[in-house]
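Subject: Structure handover

Hello,

Here is the structure you asked to look through. Please open it first, then read the notes below.

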Amino acid sequence: MERTPTTRVIRQPDGTESLLLRQAHLSVVKGPDQGLTMELTNRRVLLGTGRDCDLQLTDGGVSRHHLELRATEQGYLLRDLDSTNGTLLGGVRLVRAILTDATLFTIGSTTLRLDPCDVMVEIPLSRRGVFGRLLGQSTAMREVFALLESVAATDTTVLLEGESGTGKELAAEAIHEASPRRHMPFVILDCGAMPEHLVESELFGHERGAFTGADQAREGAAEQANGGTIFLDEVAEIPLPLQPRLLRFLENRQVKRLGATRHRRVNVRVIAATNRLLANETREGRFRADLFHRLSVVRIEMPALRHRPDDILLLAYHFAKQFAADPGELLPGAIEKLLLAYHWPGNARELRNAIERIAIAPDDGAELLRSGKERSPALQVDSLLELPFHEARQQCQESFERRYLEIHLQRVGGVVARVAEEVELPRQTVYRLLKRHGLREPEQ
């Protein structure tokens with residue numbers, strides 16, 4: 001009997017297209033989390049002990065990010081993510097496998113069962129290849145564009161989720177620009193880029209004399225966005241004591257400046273973003289459940305670049321136009337192959353930086369893609385010996401700072417506050433360094 005494809009694109013009579021996704025049931029049948037289940041209704045599911053996993057396990061033999069299951073036309077692709085103890089199927093350790101029928105597999109001391117079913121979910125796809133400043137012709141991005149189109153015409157609160165560098169800020173901007181509020185302010189508040197004690201003042205404002213240094217009254221981001229949209233980036237970083245105030249603001253759209261005696265009513269649309277799974281943050285007590293539900297009226301996941309490989313060259317040529325008159329000369333066939341083979345942990349932001357490096361130093365950029373890391377310090381110093389000492393030292397320092405920050409950003413999911421803690425620098429210093437090296441700029 002012919003097997004039903006796990007995913008396939010169908011064309012409707014009116015010319016629109018939809019993605020059909022075959023559902024599956026995932027259950028833990030043995031191990032510390034026996035009885036834990038979930039329905040696979042999304043294209044991709046991450047398993048492991050990490051807080052950001054879709055199915056979070058407590059098994060000590062399971063890695064933080066152990067494996068992923070991804071719906072493809074052939075079946076569910078199981079991919080081990082370089083886990084410590086591996087993934088076993090029939091007693092054999094594997095890296096990748098296509099699962100088309102009921103299957104048992106083991107990670108650590110946990111055995112899981114995947115059961116595909118015959119229920120198909122229809123997911124609309126946009127006809128667009130561009131939405132705002134977001135680019136993408138892949139099925140994954142056209143699925144996102146369809147969601148962005150549907151929410152743009154409403155005032156619904158939206159939560160954008162996804163890894164650092166996937167375009168969450170650009171998605172928020174695109175929603176605003178396609179909405180009836182497009183002619184009103186779009187105000188960004190980066191909740192992870194400021195000290196905790198300033199978040200409340202930045203969001204709600206303050207009156208003169210409200211605290212030391214408040215020599216004049218000041219509007220907060222919520223008032224500045226009146227009539228338009230406020231974008232709360234890295235919303236998971238909002239301190240727990242401030243979360244009840246944010247919840248009340250979401251419920252009644254009223255703000256009370258620090259030191260004020262009265263509330264001010266504002267008319268704003270709220271879009272939030274995070275690179276963490278707020279459901280897990282809620283479960284572990286770091287984020288209020290009621291605030292999570294109020295923010296996530298509509299949840300949209302921005303796909304990682306490695307999950308939309310059809311868009312890699314599209315984006316590469318888009319970025320190349322910023323650095324070269326002839327992008328084709330900048331990206332010959334050999335470079336294209338390297339771009340397609342690389343896994344892009346930093347997503348589109350990392351791709352843009354790579355294209356810039358290729359434009360400045362083609363050999364260095366190509367070597368970076370081949371190795372996935374910077375050249376050795378010795379080779380780097382040798383290449384600078386003809387420069388004056390101070391200029392060479394400055395270039396070494398800039399290269400070190402940029403790579404050092406890139407690595408730490410990737411380790412902590414792009415959260416500035418956590419980078420500052422890890423490298424033992426003030427948060428504002430880290431933020432200033434990130435801006436200097438172009439690591440906080442929009443990626444498309």
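Two residues are in contact when they have heavy atoms within 4.5 Å of each other. With that in hand, take the contacts in the chain with a separation of 6 or more: residues 24 or more positions apart account for 61% of them. Please keep in mind that this is a predicted model.

Overall picture

The chain has 444 residues, and 51% of them are buried. Its secondary structure comes to 16 helices and 23 strands.

Helix α2

Helix α2 covers residues 168-177 and is mostly covered, with 7 of its 10 residues buried. Which residues of α2 are buried? They are Lys168, Leu170, Ala171, Ala172, Ala174, Ile175 and His176.

Helices α3 and α5

Two packed helices are described by the angle between their axes and the distance between the axes. Helix α3 (residues 196-204) and helix α5 (residues 243-252) pack at an angle of about 15°, and their axes are 11 Å apart. Angles under 35 degrees count as roughly parallel, so α3 and α5 are roughly parallel to each other. Their crossing is left-handed.

Which residues meet where α3 and α5 pack? On the α3 side they are Glu200, Leu203 and Phe204, and on the α5 side Arg245, Leu246 and Phe249. Sorted by class, this contact has 4 nonpolar residues, 2 charged residues and no polar ones.

Leu338 in helix α10

Leu338 is in helix α10, which spans residues 333-341. Is Leu338 buried or exposed? Buried means under 20% relative accessible area, and Leu338 has a relative accessibility of 17%, so Leu338 counts as buried.

Leaving aside neighbours within four places in sequence, Leu338 is in contact with Ala366, Leu369 and Arg370. Leu338 and Glu367 are 29 residues apart in sequence, while their C-alpha atoms are 9.5 Å apart in space.

Aromatic pairs

The structure holds 4 aromatic pairs. One of them is formed by Tyr342 and Trp344. A pair of aromatic rings is described by the distance of the centres and the angle of the planes. For Tyr342 and Trp344 the distance is 4.5 Å centre to centre and the angle between the planes is 85°, an edge-to-face arrangement. Tyr342 and Trp344 are both buried.

Regards

Key: Residues are numbered from 1 along each chain as its sequence is written. This is a predicted model: local features need pLDDT of at least 70, side-chain atom pairs count only at pLDDT 80 or more; totals for chains, interfaces and linings use all residues. Side-chain values use heavy atoms; hydrogens and water are left out. Axes are lines fitted to C-alpha atoms, for helices over the stretch in contact, and angles run from 0 to 180 degrees between N-to-C directions. Helices (H or I, at least four residues) and strands (E, at least two) are DSSP runs, numbered from the N terminus. Angles under 35 degrees count as roughly parallel, over 145 as roughly antiparallel, 65 to 115 as roughly perpendicular and the rest as oblique. A crossing is left-handed if the near helix is turned anticlockwise from the far one by less than a right angle, and right-handed if clockwise. Ala, Val, Leu, Ile, Met, Phe, Trp, Tyr, Cys and Pro count as nonpolar, Asp, Glu, Lys and Arg as charged, and the others, Gly among them, as polar. Rings of Phe, Tyr and Trp (its six-membered ring) pair if their centres lie within 6.5 Å; planes under 30 degrees apart count as stacked, over 60 as edge-to-face and the rest as tilted. Buried means under 20% relative accessible area, exposed over 50%, partly exposed in between (1.4 Å probe, protein chains only).
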